[in-house]
Amino acid sequence: MALSYLTSGTASSTFTSSTVGGDTFRIAVMGAAAVGKTTIISQFVHGTFPRLYWPTVQERYTEDIDVNGKSVVLDIFDTPGGYCFSYLRELAIANADAFVLVYSVGAEASLETVANLRDMIVQQKPAGVPIIVVGNKTDLIPATPRFMSSEKTEYMVNVDWQHTYKEVSVKDSSNVSDIFREIAIQTQSFLFPKRNRINIFKRIKRRLKRSESGKK
């Protein structure tokens, strides 16, 4: 996967991709401070686990991935968790195509932050906008106990909120790539529903041809 790392010094440069050609999906990674947003992105883009915590102000990354045989660029915006940067979160919500909302499975307040962010997003964005809720820091269990079981959280996100739920351990990178591949697939389907239907039709047609040729 081709990749590049960019930092954005001003809000005006948010989500302005330098990549030419192909589809670019703007993904905002949001959540409370210190839940591991930057670490998740770092594992996905660089394959590294940062040992030192440094509060994010505003950073941006790009990554090329393959989605259903088509190369797309993920323009990933790492948002700050502090309340003093609320204007940057509002800017991210306004400009993003899809959202990854991160909380810590051992910190109840961080899930409340995700719930508030999710309410802001669904009020401002079109119905069905792609959102994945991520429970991070599963590697800290049982030293840090869960405040809610995985099953209950998944039910709330899947059934009540109608979004995808995933849990990760950023320390050992488990499921991290799945997050961004899934959000890319959902974003492609959301932004290009007609193209998605055509691709499904083509796949069905190819399967029928193979089935007919196998009978001869």
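Visitor: At what angle do helix H1 and helix H5 pack?
Guide: In this predicted model, local features need pLDDT of at least 70, side-chain atom pairs count only at pLDDT 80 or more, and totals for chains, interfaces and linings use all residues. Residues are numbered from 1 along each chain as its sequence is written, and side-chain values use heavy atoms, with hydrogens and water left out. Helices (DSSP runs of H or I, at least four residues) and strands (E, at least two) are numbered from the N terminus. The axes of H1 (residues 37–45) and H5 (residues 176–191) lie 9 Å apart, and the packing angle is about 90°.

Visitor: Which residues of H5 does H1 meet?
Guide: Contact means heavy atoms within 4.5 Å. From H1, Ile40, Ile41, Gln43 and Phe44 take part, and they meet Val176, Ser177, Ile179 and Phe180.

Visitor: Where on H3 do its buried residues fall?
Guide: Buried means under 20% relative accessible area, exposed over 50% and partly exposed in between (1.4 Å probe, protein chains only). The buried residues of H3 are Ser110, Leu111, Thr113, Val114, Leu117, Arg118 and Ile121. Seen down the helix axis, they fall within an arc of 150° (taken from the directions from the axis to the C-beta atoms), so they line one face of the helix.

Visitor: Which exposed residues does the opposite face of H3 carry?
Guide: The buried side packs against elements including strand S2 (23–31) and helix H4 (150–160). The face turned away from that side carries Ala109 and Gln123.

Visitor: Does Gln186 count as buried or exposed?
Guide: Gln186 lies in helix H5. Its relative accessibility is 19%, so Gln186 counts as buried.

Technical notes. Axes are lines fitted to C-alpha atoms, for helices over the stretch in contact, and angles run from 0 to 180 degrees between N-to-C directions.
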